[in-house]
Amino acid sequence: MVRVIMHGCNGRMGQVITEMIAKEAEMEIVAGVDVSDSVHNTYPVFKTLKDCDVEADVVIDFANAKAVDGLLDTCVAKSLPCVLCTTGLSEEQLAHVKEASGKVAILRSANMSMGINLLMKLLKDAVPVLAAAGYDMEIVEKHHNQKLDAPSGTAIALADVMNQAAGGNYEYVYDRSTRREKRPEKEIGISAVRGGTIVGDHDVIFAGQDEVITFSHMAYSRKLFATGAVSAAKFLAGKPAGMYDMSRVIEGK
């Protein structure tokens, strides 16, 4: 039985994962962490992970970027592996994640979807060919009107994969409204749309001479991300210190 602490248990994703794990025979949420007490759960809920006195095997985090530093410090202090799903982290926080991974197992992914992670793998093959052929690269991401960060962590992760595959010398451009010039060659444009209840859409566009190639991923339900997070928690429990990602979960090693 894998014992889970749900960090951000009363948020949307926290509740989806709570419902999903309740149906799992090999997992159990033994405690939750959330500053809000607006939801009644079948497990005890604490204000911070530091306050939690319940033994567990792994933490699943879907909370807020402001809580990540305290989360990491406590996971290290308690030797708790952590599936870190919160996006919008600062450069300082990313450095903190790397430092903590030297002491405890951390699986970080901007997107827990298997489809997105397979898309990243496909881009590693496509980008060197298309970039060398002069195709312009753009990313358009769409999310619901309650999302706080823009562009999405997934869009940045996609851009990072593309940039690395293209040689690492591309500039990310988020807004062209103040520019009066032609599009530079070494540029990846990233556009964010916010509206309604869009769960998460990402289009990677390769625009060439007389043709356009588009890779699209559309998430229709948050269960998609919950499934990935639960699989990641099963994988990470008991793992030694280090930085892990969803490719390891997909490969099972």
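I'll start with the open sheet of 5 strands, which runs in the order E8-E9-E7-E10-E11 with mixed pairing. Its edge strands, each pairing on one side only, are strand E8 (171-173) and strand E11 (211-219). From one strand to the next, the twist averages 20°.

Some housekeeping. This is a predicted model, in which local features need pLDDT of at least 70 and side-chain atom pairs count only at pLDDT 80 or more, while totals for chains, interfaces and linings use all residues. Residues are numbered from 1 along each chain as its sequence is written, and side-chain values use heavy atoms, with hydrogens and water left out.

On terms: helices (H or I, at least four residues) and strands (E, at least two) are DSSP runs, numbered from the N terminus. Two strands pair if DSSP finds at least two bridges between them. Angles run from 0 to 180 degrees between N-to-C directions, and axes are lines fitted to C-alpha atoms, for helices over the stretch in contact.

Back to that sheet, and to strand E7 (residues 136-143). E7 pairs with strand E10 (residues 200-208) in the antiparallel sense, over 7 bridges. Asp136 there stands opposite Ala207 in E10. With strand E9 (residues 187-194), E7 pairs in the parallel sense, over 7 bridges. His143 has Arg194 in E9 as its bridge partner.

Now the other sheet. What is the order of its 7 strands? The order is E3-E2-E1-E4-E5-E6-E12, in an open sheet with parallel pairing. The edges are strand E3 (45-46) and strand E12 (242-244), each pairing on one side only. Helix H2 (residues 68-78) packs on this sheet, touching strand E1 (2-7), strand E4 (58-61), E5 and E6, and its direction makes about 160° with that of E5. Contact here means heavy atoms within 4.5 Å. Strand E5 (residues 82-84) pairs with strand E6 (residues 105-108) in the parallel sense over 3 bridges, and Leu84 stands opposite Arg108 in E6.

Next, the cores. A nonpolar core is a set of buried Ala, Val, Leu, Ile, Met, Phe, Trp, Tyr and Cys residues joined through side-chain atoms within 4.5 Å. Buried means under 20% relative accessible area, exposed over 50%, and partly exposed in between (1.4 Å probe, protein chains only). The largest core has 33 residues, and Ile17, Ile60, Phe62, Val83, Leu107 and Met112 touch the most other members. Which helix gives the largest share of this core? H6 does, with 8 residues. Leaving aside residues up to four places away in sequence, Ile60 touches Val4, Ile5, Met6, His7, Ile17, Ile21, Val83, Ala229 and Ala233. There is also a second, separate core of 24 residues, which includes Leu123, Leu130, Tyr135 and Tyr172.

Last, helix H1. Of its 10 residues, 7 are buried, namely Met13, Gly14, Val16, Ile17, Thr18, Met20 and Ile21. These buried residues pack against E1, E2, E4 and H6.

How do the axes of H1 and H6 cross? They come within 9 Å and cross at roughly 60°. On the H1 side the contact is made by Met13, Val16, Ile17, Met20 and Ile21. On the H6 side, Lys223, Phe225, Ala226, Thr227, Ala229 and Val230 take part. That contact divides into 9 nonpolar, 1 polar and 1 charged, where Ala, Val, Leu, Ile, Met, Phe, Trp, Tyr, Cys and Pro count as nonpolar, Asp, Glu, Lys and Arg as charged, and the others, Gly among them, as polar.
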